[in-house]
Amino acid sequence: MFTGIIQGKAQIHEIKAKDNFRTHIIKMPQDLLSGLTLGASVAHNGVCLTVTAINNDLISFDLMQETLKVTNLGELKIGDEINVERAMKIGDEVGGHLLSGHIYCTADVEEIITSPNNCQIWFRLPNKSVMKYILTKGYIAVDGISLTIGAVKEQSFCVNLIPETLQRTIISQKQVNDKVNIELDSQTQAVVDTVERYLSQQKA
């Protein structure tokens with residue numbers, strides 16, 4: 001489990017590509033290395049991945065075909081940065097909201113609106129069926145960042161970003177048409193699905 005509070009940015013040091021499979025080697029920030037072991041979980045842009053090798057601060061992770069297809073990790077190149085978060089421990093403060101690291105879909109950056117000390121970004125989702133889970137003032141994770149939904153319209157939603165978030169994460173590097181990973185709030189998803197099932201049973 002993760003909290004959506006990004007702990008640092010890591011650079012892609014090396015990519016080993018095979019058919020429908022990749023190994024990403026990242027340069028992990030020094031302050032996130034303590035206690036890191038083989039088999040540990042680390043979120044990359046919100047995607048839960050498992051440590052497969054440790055060579056000082058160079059940490060390896062394997063990405064399967066489904067991960068490459070469903071997320072934006074398959075688009076990464078050597079030198080690119082990612083948001084990283086170590087798995088939470090029992091007793092840790094949950095400053096964001098609980099995340100599983102399982103990405104539902106990607107969204108495209110639709111519009112970026114900047115003003116002094118604030119930045120609003122609109123994201124367009126792949127289809128309208130996802131929008132039933134997107135509620136104003138609800139939680140959402142964008143590239144692993146726990147954010148509050150500012151507004152919703154048709155097939156899009158926006159978030160408002162403070163300078164601290166822009167500085168600590170890679171979201172400030174995003175441009176229009178870039179893809180971001182989306183993890184829906186599990187509680188919202190459960191409530192919506194439960195209500196839909198109940199209503200369909202009432203109609204039957």
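UniProt, in an unreviewed entry, puts the feature "domain: Lumazine-binding" at residues 1-97 and 98-195; such annotations may be inferred rather than shown by experiment. The model here is a predicted one, in which local features need pLDDT of at least 70, side-chain atom pairs count only at pLDDT 80 or more, and totals for chains, interfaces and linings use all residues. Residues are numbered from 1 along each chain as its sequence is written, and side-chain values use heavy atoms, with hydrogens and water left out.

Take residues 98-195: this span is 16% helix and 44% strand, going by DSSP runs (helices H or I, at least four residues; strands E, at least two). Its end C-alpha atoms sit 22 Å apart.

Now for the barrel. Six strands close up in the order β7-β8-β11-β10-β9-β12, with antiparallel pairing; strands count as paired if DSSP finds at least two bridges between them. Strand β9 (residues 139-142) meets β10 (residues 145-153) through four antiparallel bridges, and Val142 has Ile145 of β10 as its bridge partner.

Strand β10 also pairs with β11, again antiparallel and with four bridges. These two make a hairpin with two residues between them, where Glu154 in the turn shows a positive phi of about 45°. Lys153 is bridged to Ser156 in β11. On to β8 (residues 118-124), which runs antiparallel to β11 and is joined to it by six bridges; here Gln120 stands opposite Asn160.

As for β11 itself (residues 156-161), five of its six residues are buried, so the strand is largely enclosed by the rest of the structure. Buried means under 20% relative accessible area (1.4 Å probe, protein chains only), exposed over 50%, and partly exposed in between.
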